Amino acid sequence: MISDALLERIKEKLKGQRKISFLVGAGLSAESGIPTFRGKDGFWVSGSKNYQPEEIGTKAMFDVNAHAVWEWFLFRISMMRDSQPNAGHRALVEMQDLLGDRYALISQNVDGLHFKAGSDENCLFLIHGDLRYMRCSEECSKQLYPIPAEVADQERTRSTKLTFEELQLLVCPKCGEMARPHVLWFDEYYNQSYYRLHDVLRIAKETGLLFVVGTSGATNLPRAIVNNTLARQGIVVDINPNSNYFSEKLSSKKNGFWIQGKSGVVLPRVVEIMKEHL
Ligand code: OAD
């Protein structure tokens, strides 16, 4: 699974001082039963009941039809609520404990499974938001509020309608305007205050060994993170059963590697290597 050449490079980086970071995407949670975005049955492929995915995940759509957007996100929350972390999530927590200050986890996932697995919030950077929370759609403040349990804890399908009572709970507690899910949408930009933009770009530069796990590489910031690590002579290892933007890009780099496999299998093997060579 891991070639001798790659093992040597990993051992060399483990002995150094630079950070060892993980950049993860929806593939990490696939083994927990949560659909990815672009795979067969993916969220973005199937979309919501009535809208194309690129429409439903936008502020523009929220502004004209907040109900439909909330219904779709609440359907996803309902699916995530009962799911459990898998061997990949647990391996990340083990590595966090082994590496201490040298560890950083940059996640595109909003499904809450890192928390269920026991990830430490201090070294976890959620660059696409966190679906446990909502915030004011009018930005009266940057405060995040837990999505009320009366709404978040309901069982839902793609076609479940929001009730009037539920809608009244999805408001900003401070100003009374409509609240929105705390996620980055297609027509919005990364920033520091919600999505830790500057922190993760800095971490990428400080990283000597970056594992890219279960992501297709479709979004901008993950690409910039990989570029920052490569630019400072860090090595980047893609873990993915399928070829993707990163496996292609890394194939032409001397510091780039691809381990073709599932995260729930490969990450526990990386833990073993760390235990042996740190
Ligand atoms: P994608 O659905 O685009 O890609 C999922 C990746 O996971 C694919 O490359 C799969 O091959 C891989 N994969 C599937 N099963 C796997 C497994 N068991 N182990 C490892 N890899 C596996 O999802 P993301 O790359 O996460 O953004 O998508 C990035 C962003 O696009 C999402 O965060 C979301 C979406 O628009 C926002 O919502 C802002």
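Trainee: What volume does the largest cavity have?

Mentor: As a general idea, rolling a probe the size of a water molecule over the atoms shows where empty space is left. In this predicted model, the largest cavity holds about 30 Å³ of space. With a threshold of 30 Å³ or more, the count is 1 cavity.

Trainee: Which residues line the largest cavity?

Mentor: The lining consists of Asn109, Val110, Asp111, Gly112, His114, Phe115, Leu126, Gly129 and Asp130. Two elements, α8 (113-117) and β4, each give two or more residues to it. By class, the lining of this cavity has 3 nonpolar, 4 polar and 2 charged residues.

Trainee: Now the open spaces. How much space lies in the largest pocket, and which residues lie nearest its centre?

Mentor: The largest pocket has about 1000 Å³ of space. Its lining has 47 residues, and Ala26, Phe37, Arg38, Gln108 and Ser216 lie nearest the centre. At least two lining residues come from each of α2 (27-30), α3 (43-46) and α6 (66-81). The lining divides into 20 nonpolar, 21 polar and 6 charged residues.

Trainee: Why is the largest pocket said to lie between domain 1 and domain 2?

Mentor: Look at who supplies the lining. Domain 1 (4-33 + 84-128 + 190-277) and domain 2 (44-82 + 134-183) both contribute residues to the lining of the largest pocket, so this pocket lies between them.

Trainee: What is the volume of the second largest pocket, and what lines it?

Mentor: The second largest pocket has a volume of about 290 Å³. It is lined by 14 residues, with Leu126, Leu144, His182, Tyr194 and Arg196 the closest to its centre. Elements giving two or more residues to this lining are β3 (124-126), β4 (129-136) and α11 (192-195). The largest share, 4 residues, is from β4. In this lining, 7 residues are nonpolar, 3 polar and 4 charged.

Trainee: Turning to packing, which residues have the most contacts inside the largest nonpolar core?

Mentor: They are Phe22, Leu92, Met95, Phe211 and Leu267, in a core of 32 residues. Helix α15 (residues 263-277) provides the largest share of this core, 6 residues. Take Met95 as a case: setting aside neighbours within four places in sequence, Met95 is in contact with Phe22, Tyr103, Leu267, Val270, Val271 and Met274. Another core, of 29 residues, lies apart from the largest one, and its members include Ile56, Val69, Trp70 and Leu74.

Conventions:
Residues are numbered from 1 along each chain as its sequence is written. This is a predicted model: local features need pLDDT of at least 70, side-chain atom pairs count only at pLDDT 80 or more; totals for chains, interfaces and linings use all residues. Side-chain values use heavy atoms; hydrogens and water are left out. On a 1 Å grid over the protein atoms alone, a cavity is a set of points where a 1.4 Å probe fits but cannot get out, and a pocket is an open set with protein on both sides within 12 Å along at least five of seven lines; lining residues have an atom within 4 Å of a point. Grid points are joined across faces, edges and corners, and a volume is the space filled by probe spheres set on the points. Ala, Val, Leu, Ile, Met, Phe, Trp, Tyr, Cys and Pro count as nonpolar, Asp, Glu, Lys and Arg as charged, and the others, Gly among them, as polar. Domain bounds come from an automatic or database domain assignment. A nonpolar core is a set of buried Ala, Val, Leu, Ile, Met, Phe, Trp, Tyr and Cys residues joined through side-chain atoms within 4.5 Å. Buried means under 20% relative accessible area, exposed over 50%, partly exposed in between (1.4 Å probe, protein chains only). Contact means heavy atoms within 4.5 Å.
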